[in-house]
Amino acid sequence: MIRNFRELYSYRGLLLSLVQRELKARYRGSVLGFFWTFLNPTLHMLVYALLFGVFMKNQIPHYAYFMFVGLLPWIWFSTSVSAGASAISDRRDLMTKVRFPAQVLPATVVATNFCNFIFSLPLMVALGLIFGVVPTWHVLLFPVVVLIQMCFTFAVVYAVSAFNVTFRDLQHIVMNLMTLWFFMTPVLYKLSTIPEEYRRVLQVLNPMSILITSYQAIFYEHRLPDAVPLVSLLGVSIVLLWGATQIFESRREEFAESI
């Protein structure tokens with residue numbers, strides 16, 4: 001794992017260049033261009049707020065803001081995994097080049113979506129101010145939660161991108177699983193609404209529930225995230241990241257031949 005990220009760091013110039021190209025190309029040709037970075041999560045929020053906040057009369061105070069706090073990190077994760085699944089298999093033009101660093105491609109996907117996540121944060125803060133919710137000192141824990149999510153996201157993306165090279169159906173399976181995963185994650189509802197006997201199971205089986213509730217604790221509930229689940233997830237994410245990089249490295253020689 002250390003070797004993989006040492007190599008990734010040595011190619012940081014290439015990584016930065018690819019991220020910049022992806023950010024510029026994502027909405028190239030569209031009228032609104034870069035503003036879609038803000039409009040996409042906003043439109044998602046409006047649809048869910050209308051459905052669950054107005055039609056289903058959800059009783060969570062400031063529901064639109066509550067949901068937006070969890071929606072932004074979820075979009076970062078889900079778009080990274082969905083696009084990351086085909087990060088290697090869709091780039092035959094680069095993978096057939098001599099000694100091209102394959103690990104840069106999944107990292108580009110994660111980093112690009114992370115940039116979109118960061119760019120959308122002012123929108124989340126502005127929405128909170130509209131509802132009278134002002135950030136408190138608890139935001140100091142925000143980078144810690146982001147770092148843990150970064151580790152977990154890298155682990156998932158490295159694994160699925162490596163397997164998808166030889167099993168192309170995986171990218172389609174992943175896209176459908178992300179929908180199920182979304183509704184199993186407390187973005188649209190509070191974790192406390194789940195019966196106690198299932199709540200712990202959900203946290204164990206769904207690491208994103210720990211991350212989402214941590215963001216909600218920081219920005220919505222103005223308290224420190226629960227330390228034990230978060231530290232446990234950090235340990236699990238490091239182990240998963242180590243395993244994913246091992247899988248990636250063991251299959252890297254096959255990439256150019258398989259695609």
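Let me start with Thr-108, which, once its neighbours within four places in sequence are set aside, is in contact with Leu-15, Leu-18, Val-19 and Glu-22. Please keep in mind throughout that this is a predicted model. Thr-108 belongs to helix H6, which runs over residues 104-130, and although 90 residues separate Thr-108 from Leu-18 in sequence, their C-alpha atoms are 6.5 Å apart in space. Is Thr-108 buried or exposed? Thr-108 has a relative accessible area of 5%, so Thr-108 counts as buried, the cut-off for that class being under 20%.

Now to the cysteines, where the structure holds 0 disulfides. Cys-151 has a relative accessible area of 16% and is therefore buried, whereas Cys-115, at 21% relative accessibility, counts as partly exposed.

Next, the annotation: the unreviewed UniProt entry gives "transmembrane region" for residues 31-51, 63-88, 109-134, 140-161, 173-189 and 227-248. In residues 63-88, the span is 85% helix and 0% strand, and its end C-alpha atoms lie 39 Å apart. In residues 227-248, the span is 100% helix and 0% strand, with the end C-alpha atoms 31 Å apart.

Finally, a word on confidence. The protein has an average pLDDT of 85, and 87% of the residues score at least 70. Which elements have the lowest and the highest mean pLDDT? The lowest mean, 63, belongs to helix H5, residues 92-95, and the highest, 95, to helix H10, residues 207-219.

Definitions and conventions:
Residues numbered from 1 in each chain as written. Predicted model: local features only at pLDDT ≥ 70, side-chain atom pairs only at ≥ 80, totals over all residues. Heavy atoms only, no water. Disulfide = S-S within 2.5 Å. Buried < 20%, exposed > 50% of the residue type's maximum accessible area, 1.4 Å probe, protein only. Helix = DSSP H or I, 4+ residues; strand = E, 2+ residues; numbered from the N terminus. Contact = heavy atoms within 4.5 Å. pLDDT = per-residue confidence, 0-100. UniProt positions renumbered as here; feature names shortened; annotations may be inferred.
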